[in-house]
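Have the viewer open while you read.

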Amino acid sequence: MARHDVVSPIPGVFYRRPDPNTPEYVEVGQQVAAEDTIGLVEIMKSFHQVPAGVAGTVVEVVAESESVVDAGQSLVVIEVDG
């Protein structure tokens, strides 16, 4: 099966959950739709949702929550359906 790297669209800080009291957006083994949010990237107090981009199963979470990421850096790997 094909794999898809979900990459950060911008440099910033990656967050796996919307706030400290909420579950993470995605976990390994979870099914996602293309429009599902996999995380947030924050830059200068502005938060940008990162969509999965493809439908499939999350096979790896590459970036740690609250880590600094660059534009184009892999955040999550998804095994593409079909």
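A nonpolar core here is a set of buried Ala, Val, Leu, Ile, Met, Phe, Trp, Tyr and Cys residues joined through side-chain atoms within 4.5 Å. Buried means under 20% relative accessible area, exposed means over 50%, and partly exposed is in between (1.4 Å probe, protein chains only). This is a predicted model, where local features need pLDDT of at least 70, side-chain atom pairs count only at pLDDT 80 or more, and totals for chains, interfaces and linings use all residues. Residues are numbered from 1 along each chain as its sequence is written, and side-chain values use heavy atoms, with hydrogens and water left out.

**The core**

With that settled, the largest nonpolar core has 15 residues, and Phe14, Ile38, Leu75, Val76 and Ile78 have the most contacts inside it. The elements that give it two or more residues are β4 (37-43) and β8 (74-80). Strands, like helices, are DSSP runs numbered from the N terminus (E, at least two residues, for strands; H or I, at least four, for helices). β8 supplies the largest share of this core, 3 residues. As a rule, nonpolar side chains in soluble globular proteins tend to be buried together.

Contact means heavy atoms within 4.5 Å. Leaving out residues up to four places away in sequence, valine 76 touches His4, Asp5, Val6, Val26, Ile38, Val58, Glu60, Val61 and Val62.

**The whole chain**

Buried residues make up 34% of the 82 residues. Among contacts between residues at least 6 apart in sequence, 62% join residues at least 24 apart. The chain exposes about 4700 Å², with carbon and sulfur atoms supplying 52% of it; accessible areas come from the Shrake-Rupley method with a 1.4 Å probe, and for residues only the protein chains shown count as cover.

**The sheet**

Two strands pair if DSSP finds at least two bridges between them. On that basis, 4 strands form an open sheet in the order β1-β8-β6-β3, with antiparallel pairing. β1 (3-7) and β3 (31-32) are the edge strands, each pairing on one side only. β3 is joined to β6 (residues 56-61) by 2 bridges, while 5 bridges join β6 to β8. Some bridge partners to look up:

| Residue | Bridge partner | Strand of the partner |
|---|---|---|
| glutamine 31 | threonine 57 | β6 |
| valine 32 | glycine 56 | β6 |
| glutamate 60 | valine 77 | β8 |

**An aromatic pair**

Rings of Phe, Tyr and Trp (its six-membered ring) pair if their centres lie within 6.5 Å; planes under 30 degrees apart count as stacked, over 60 as edge-to-face and the rest as tilted. A search of the whole structure finds 1 aromatic pair. The rings of tyrosine 15 and phenylalanine 47 have centres 5.9 Å apart and planes at 50°, so the pair is tilted. It links distant parts of the chain, with tyrosine 15 in β2 (residues 12-15) and phenylalanine 47 in β5 (residues 46-51), 32 residues apart. Tyrosine 15 is partly exposed, with a relative accessible area of 22%.

**Loops**

Is alanine 63 buried or exposed? At 4% relative accessibility, alanine 63 counts as buried. It lies in the loop between β6 and β7 (67-69). Residues up to four places away aside, alanine 63 touches Phe14, Arg16, Val69, Ser74 and Leu75.

Glutamate 66 sits in the loop between β6 and β7 too, but counts as exposed at 59%. Its phi is positive, about 70°, although it is not a glycine. Most residues other than glycine have a negative phi. Lysine 45, in the loop between β4 and β5, has a positive phi of about 65° and counts as exposed at 75% relative accessibility.
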